[in-house]
Number of protein chains: 2
Amino acid sequence: MTTRPEPARRPGGRTARTRTRVLDAVLAELGEHGYDGLTMEAVAGRAGVHRATVYRRWGDVGGLLADVLDAAGDDAWQPPDTGSLTGDLTALNHEIQDALTAQPPIVAALIAASFRSEKAEHAQRRLWEDRYARCESIVGRAVQRGELPPRTDARRLLIAATAPVYHQLVLLRTPPDPDLPDQAARTAALAASAGAFGAAEPA
Amino acid sequence: MTTRPEPARRPGGRTARTRTRVLDAVLAELGEHGYDGLTMEAVAGRAGVHRATVYRRWGDVGGLLADVLDAAGDDAWQPPDTGSLTGDLTALNHEIQDALTAQPPIVAALIAASFRSEKAEHAQRRLWEDRYARCESIVGRAVQRGELPPRTDARRLLIAATAPVYHQLVLLRTPPDPDLPDQAARTAALAASAGAFGAAEPA
DNA sequence: TCACTAATGCGACAACTGATGCATTAAGGT
DNA sequence: ACCTTAATGCATCAGTTGTCGCATTAGTGA
């Protein structure tokens, strides 16, 4: 059989331009009106594109958000490398706090919006997984420096260090506490060096 | 002046009955269809009440959720009291994990839905504040038992202990880890007994 | 340069959402 | 028991949302 079941895409030129303009519009709308002000109508209007085009390519608001989130994962971000575990975790927490309190609050709006649709939820989950996987290098370096026991569970340590910052800013929605990033990082590093995140012994 | 600026409410009988039926309908809809299946239409239909009634009394979906959240705060819940700090925190974390993974997932749906409207967000924030305030008794008891230094910052300790559970289940949305509640509780208790949550010294 | 057609623009449509005026019911006081 | 009127039911209407067929534009390979 002649393999041509699909009608041959055209990803270049206008299509790519439309995508860029629409995704930019999504970010702008998110920053201005938040997740609930994000309507297909407004996005299409700001992007200078017809409503039907947005519906056809992205389906619904969740599709737009998923595309934005996937695009956000395609960067070269690397976790901080300060030379010490506490330093790395502290710097990481400050990055998180800065991102969550930035104006306009795009990151916070994206997280909040990821609850609105299945697609956005999956994209957000992929992004979390990617970010935490990259951060595991922080723990690896600390182990090599002898700051941590060799079998430390990297993921749990990272979560213990970062969760309080997310918790306060995203769920509790209390005003940002300038001491919290350092405090949470130090607490986690202290517990980790005491072996609190030791993984199971191998056979 | 004769004090009667407002037209004298009628909170009894039918009004109270309507409220109960509507709020029950909200919970049922949340459990079945989640936050995005929560439409005024469906709630009114399930409650056996006219659409216009729901619109007039609650305004929108956010108003419904806010009322549900406020009603949820009017209970006699008390934090666990097991006789030890680690025991209390562990029990608390298990309660949290159970609530977040219960079927139908009402608590998780409420948290997610609180991102959809200003009113629901404020109600959710009041609920968080109330719950964490009640939990401070855990820390108070631990201090009296001599498990913790007297000037321990109760709120930060509680957040350090509980945040990982919320983070994994609500934000990261990874499957529930049966060890996490214990692990996070032990870690926080360890750091606390080492003085990691010491408040500033008084003058 | 030209033909082919994917991608978009355009307008019209049904379905849904939230608001409003009026009739009806029932709560609360006498 | 009776009156007043708050609360609700009911029907209707404007605005919005998502879909679809057709016309137009422009990417792609020849």
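**Where the chains meet**

Guide: In this predicted model, chain A is superposed on chain B by a rotation of 180° with 0.0 Å of shift along its axis, and the RMSD of that superposition is 0.1 Å. That is the relation of a two-fold axis, and the same surface serves both copies, since 100% of the contact residues of chain A recur in chain B. Chain A brings 29 residues to the contact, and chain B likewise brings 29 residues.

On the side of chain A that touches chain B, four helices, namely α6, α7 (118–144), α8 (154–172) and α9 (180–193), each supply at least two residues.

The C-alpha trace of chain A spans about 60 × 55 × 25 Å along its principal axes, and of its 203 residues, 35% count as buried. Among the contacts in chain A with a separation of 6 or more, 66% are between residues 24 or more positions apart.

Returning to the helices that touch the other chain, we can look at α7(A) and α8(A), whose axes come within 9 Å and cross at roughly 100°. An angle of 65 to 115 degrees counts as roughly perpendicular, and α7(A) and α8(A) are therefore roughly perpendicular to each other. Their contact is made by A:Tyr132, A:Cys135, A:Glu136 and A:Val139 on the side of α7(A), and by A:Ala154, A:Arg155, A:Leu157 and A:Leu158 on the side of α8(A). By class, the residues of this contact divide into six nonpolar, no polar and two charged.

Helix α6 (residues 106–113) of chain A, for its part, packs with helix α1 (residues 14–33) of chain A at an angle of about 95°, and their axes are 9 Å apart. These two helices, α1(A) and α6(A), are therefore also roughly perpendicular to each other. Here α1(A) contributes A:Leu27, A:Leu30 and A:Gly31, while α6(A) contributes A:Ile106, A:Ala109 and A:Leu110, and the contact has five nonpolar residues, one polar residue and no charged residues.

In chain B, we can follow helix α7 (residues 118–144) to its packing with helix α4 (residues 61–73), where the angle is about 15° and the axes are 7 Å apart. Since angles under 35 degrees count as roughly parallel, α4(B) and α7(B) are therefore roughly parallel to each other, and their crossing is left-handed. Among the residues making this contact are B:Gly62, B:Gly63, B:Leu65 and B:Ala66 of α4(B), and B:Glu118, B:Lys119, B:Ala120 and B:His122 of α7(B). The residues of the contact of α4(B) with α7(B) comprise seven nonpolar, five polar and five charged ones.

Terms used. Residues numbered from 1 in each chain as written. Chains lettered and ligands numbered in written order. Predicted model: local features only at pLDDT ≥ 70, side-chain atom pairs only at ≥ 80, totals over all residues. Axes fitted to C-alpha atoms, helices over the stretch in contact; angles between N-to-C directions. Parallel < 35°, antiparallel > 145°, perpendicular 65-115°, else oblique. Left-handed = near helix turned anticlockwise from the far one by under 90°. Contact = placed C-beta atoms within 7 Å. Nonpolar A, V, L, I, M, F, W, Y, C, P; charged D, E, K, R; others polar. Least-squares fit on C-alpha atoms with pLDDT ≥ 70 in both. Buried ≥ 20, exposed ≤ 12 C-beta atoms within 10 Å, placed from the backbone.
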